[in-house]
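Dear colleague,

I am handing over the structure that we talked about, and below it I set out what was found. Please keep it open beside this message while you read.

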Amino acid sequence: MPTPAPSATEPTSPAPDIAVRLRGIGKRFPGVIANDDINIDVRRGTIHAIVGENGAGKSTLMKILYGVQPPDSGTIEINGQQVSLHSPADAIKVGVGMVFQHFMLADNLTVLENVVLGAEKRHGIGAKARAEIQRISDAYGLGIEPDRLVEDLGVGARQRVEILKVLYRGAQIVILDEPTAVLVPHEVDELFGNLRELKNEGLSVIFISHKLDEVLSVADEITVIRRGTTVKTVDPAGVTARQLAELMVGSELPSPSTEASTVTDHVLLSVEDLSLPNPGGRPLLEDISFKIHRGEILGIAGVEGNGQAELVESIMGMRPGATGRIELDGTDLSDRSTGQRREAGVGYIPEDRHRHGLLLDSPLWENRILGHQTRPPGVRHGLIHRGAAREDTQRIITEYDVRTPGPDVLARALSGGNQQKLIVGREMSSDPILLIAGHPTRGVDVGAQAAIWDHIKRARREGLAVLLISADLDELIGLSDRIEVILRGRLVGSFDPDDVTPEQLGSAMTGAGAPA
Amino acid sequence: MIGRLTRLMLAISTPVLALVAAFAITSLVLLAAGDPVLDVWDQILSVPETRNLANIIDNATVLYLSGIAVAVGFRMNLFNIGVDGQYRVAAFTAAVVAGEAWLPGYLNTALAIVCAMAVGAIWAGIAGVLRAARGVSEVISTIMLNAIATGLVAYLLRQVAVREEGSNQIGTKQIPEGSRIPNIGLGDGTSSVYGFIIIAAVVGFAFWFVLNRTRFGFDLRATGQSTTAAVASGISVKRMTVTAMLISGAIAGLVGLPILFGDSYTYGSTFQSGLGFAGIAIALLGRNNPIGIALGALLFAYLDEQSNPLQILVGVSPDIVAITQGVIVLTVVISYEIVRRYRQRLEQQQVARALESERGEASNDKAEEVPA
């Protein structure tokens with residue numbers, strides 16, 4: 001049963017059961033409005049989800065609520081009291097705590113030490129603190145052992161430590177920023193169990209996500225944010241995931257599904273016994289072998305940090321320690337440099353476009369040359385051809401719908417989706433035969449996502465071999481012709497995307513289930 | 001994409017603002033010390049005579065080469081503090097080679113210059129190889145190589161030196177007249193500047209051309225901006241590190257040569273030192289741009305020359321300009337950073353505006369976006 005979002009003009013009478021009331025929150029950054037007239041009421045003892053696309057302004061809003069950034073306009077009321085938060089310390093003082101997407105824990109310290117770090121004044125650092133941690137852990141069913149080293153804990157346990165840290169500091173309102181992004185399905189269920197415990201004890205949970213099924217299963221109320229403003233607050237019982245998604249996007253949804261198979265017998269990429277030793281540790285990659293054919297997309301599924309990045313970088317020749325054989329269309333690339341592999345016809349969309357894909361402080365036309373320094377049109381006979389590079393950048397801007405005033409803009413000035421479209425366009429230049437795409441739609445908006453999916457499908461139709469790494473299982477299942485699961489640096493199972501569910505993939509990714 | 005006019009205005013206003021700020025701070029220092037502020041500026045800002053002008057240009061030539069040598073490293077995020085040692089080892093080598101005069105006339109000059117560049121390159125290359133192979137910070141290794149250079153040159157000078165007639169100073173053999181580089185007259189009959197200035201200009205042009213127009217320069221700048229992106233694009237960062245240090249060292253090898261071939265004709269114990277450190281300041285001042293470095297070198301040389309008579313005329317130590325020079329570097333670095341951020345914001349706003357007017361898509365500074 002959708003209820004209309006409260007408007008800013010409404011008088012703000014302190015309702016007894018409202019833990020957090022945001023009214024008319026606005027925040028501008030250079031060139032963009034991150035938040036505009038945000039109005040949210042979070043009731044005490046509920047899980048309130050805030051959903052929206054990447055970049056809709058959720059994270060900015062939460063930073064405002066946690067005192068990291070001041071709002072340009074609007075008011076924040078906590079338990080009926082108007083507050084102004086200038087730092088996270090202020091937020092903690094009024095009972096607001098935040099669990100960030102990226103954990104902030106010291107691996108070489110114990111849970112106890114991590115929890116008391118910075119909060120030594122509350123219960124000291126000794127037995128009293130240990131007792132308090134145990135009490136909180138038991139009260140909310142977190143199952144935390146205070147004396148274990150954080151480095152020995154799994155991702156789910158680390159997250160619980162983060163939650164405990166927040167509770168230890170006296171938070172009554174807990175914000176979780178995309179908490180499920182790093183978890184596999186069964187860990188997500190555990191987390192939701194913990195969150196329900198918190199709720200039952202009278203705490204308020206603000207849960208930020210863009211995964212709608214999860215939100216629908218755990219939240220008591222859902223507020224949708226689009227383009228920096230609150231669109232609607234809805235009751236999860238009354239909406240479907242699709243309706244929510246359409247509220248988020250404001251239009252019809254794209255889907256990643258591929259067309260008829262274009263897979264051929266012709267092997268383009270053949271990887272044999274690829275290993276990457278790790279001095280003093282478990283190998284980062286171990287005996288990885290696979291083949292990708294002309295017109296085939298091979299998807300690699302795995303929990304982040306299980307060797308995906310290393311696999312891609314080894315194929316690209318960026319990991320000097322890698323052993324094994326890599327053949328591209330019959331040519332042995334094993335001893336070639338990254339530059340030579342690129343010349344041999346490898347297009348590379350790196351997973352971290354800011355670190356590996358772009359020169360942020362260079363104009364787009366120079367970024368067009370990056371990775372193609374040995375090839376026309378940007379470079380001829382060792383000399384830079386600015387005119388030709390600009391012209392070809394203009395072609396990419398047009399063909400790949402990069403939203404920019406022109407090729408002389410610095411890459412930094414573009415939005416993430418447009419940066420990514422530029423990279424895709426660049427890597428598809430000079431006729432590659434293999435495209436390696438690492439998380440190609442991570443952090444891009446829905447419009448760009450659909451466009452990038454289209455480009456990957458087109459690459460497949462045109463007979464490229466595509467290696468697709470993604471954390472988005474729907475994307476993998478929708479695009480791939482075959483999915484391999486990677487776990488602790490080894491390929492542990494091969495799946496046909498036509499008859500695999502995200503749950504099956506999820507359990508293979510954690511090593512819980514036997515490969516199909 | 002900022003308009004040409006805005007860009008030009010920003011480019012001009014930055015150094016002007018920095019200079020004004022530096023002069024103001026120097027004035028405060030003078031005031032605090034109870035020195036006559038106006039008299040000092042009156043002397044420093046007076047129009048130099050032709051004789052002084054020649055000195056300024058000569059000094060600037062030397063400083064320019066030093067600045068370019070440092071700038072090559074800077075463009076790749078390498079901090080070559082060792083230009084000071086590199087140019088002394090190189091100038092000494094050139095002096096020995098030219099003094100021995102194995103070849104006649106200008107062939108001898110050319111050989112000496114090549115040897116100087118090679119020795120400078122090798123001296124800097126040691127730091128480059130250590131960095132590429134063992135990850136040793138070039139800051140540390142070049143500083144240590146400076147110390148080694150000082151000792152090495154002093155020792156070798158004793159081995160090969162001849163005592164100048166009627167003097168206690170020792171130096172290498174005088175370069176024969178036919179191998180010296182003639183000075184260029186300034187038209188008043190007495191004042192002249194180093195002929196080496198032409199070589200310096202060629203070096204400046206080559207620096208610009210290689211960096212901005214060649215693939216090698218692109219690779220170098222790309223590596224300087226982002227090592228990770230460079231690696232992913234297929235650049236061998238280790239090779240670039242060594243090459244950049246070799247080039248930086250080769251140019252550093254030229255720094256002492258205008259003096260050697262145009263003035264002293266011998267490398268002695270009193271050969272000018274400290275030029276490499278001035279080069280760091282000048283490269284910063286000139287923002288690693290060949291024209292900017294030329295202006296920076298001229299400014300430093302001008303301040304040095306104009307401050308010389310301060311002691312006699314107004315009773316203030318000429319070292320006051322060292323304060324000015326230091327403050328200039330700081331204010332320039334600060335004001336460029338401010339302007340860079342301002343430009344970046346301006347550009348982001350313009351991109352956002354251009355896109356808004358076209359269709360609704362915007363970006364924020366965290367590279368996230370709002371769905372179209």
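How many aromatic pairs does a search of the whole structure find over all chains? The search finds 9, where rings of Phe, Tyr and Trp (its six-membered ring) pair if their centres lie within 6.5 Å, and planes under 30 degrees apart count as stacked, over 60 as edge-to-face and the rest as tilted. One of them joins Tyr66(A) and Phe100(A), an edge-to-face pair with 5.9 Å from centre to centre and 70° between the planes. Because Tyr66(A) sits in the loop between helix H1 (58-65) and strand S4 (73-78) of chain A, and Phe100(A) in the loop between strand S6 (96-99) and helix H3 (111-116) of chain A, the pair ties together parts that are 34 residues apart in sequence; helices (H or I, at least four residues) and strands (E, at least two) are DSSP runs, numbered from the N terminus.

This is a predicted model, in which local features need pLDDT of at least 70 and side-chain atom pairs count only at pLDDT 80 or more, while totals for chains, interfaces and linings use all residues. Residues are numbered from 1 along each chain as its sequence is written, chains are lettered from A and ligands numbered from 1 in the order in which they are written, and side-chain values use heavy atoms, with hydrogens and water left out.

Chain A is assigned domain 1 (45-70 + 85-249), domain 2 (254-345 + 432-516) and domain 3 (353-430), with bounds from an automatic or database domain assignment. Taken over C-alpha atoms, the centres of domain 1 and domain 2 of chain A are 32 Å apart. Their contact (heavy atoms within 4.5 Å) takes 6 residues from domain 1 of chain A and 6 residues from domain 2 of chain A.

Best wishes
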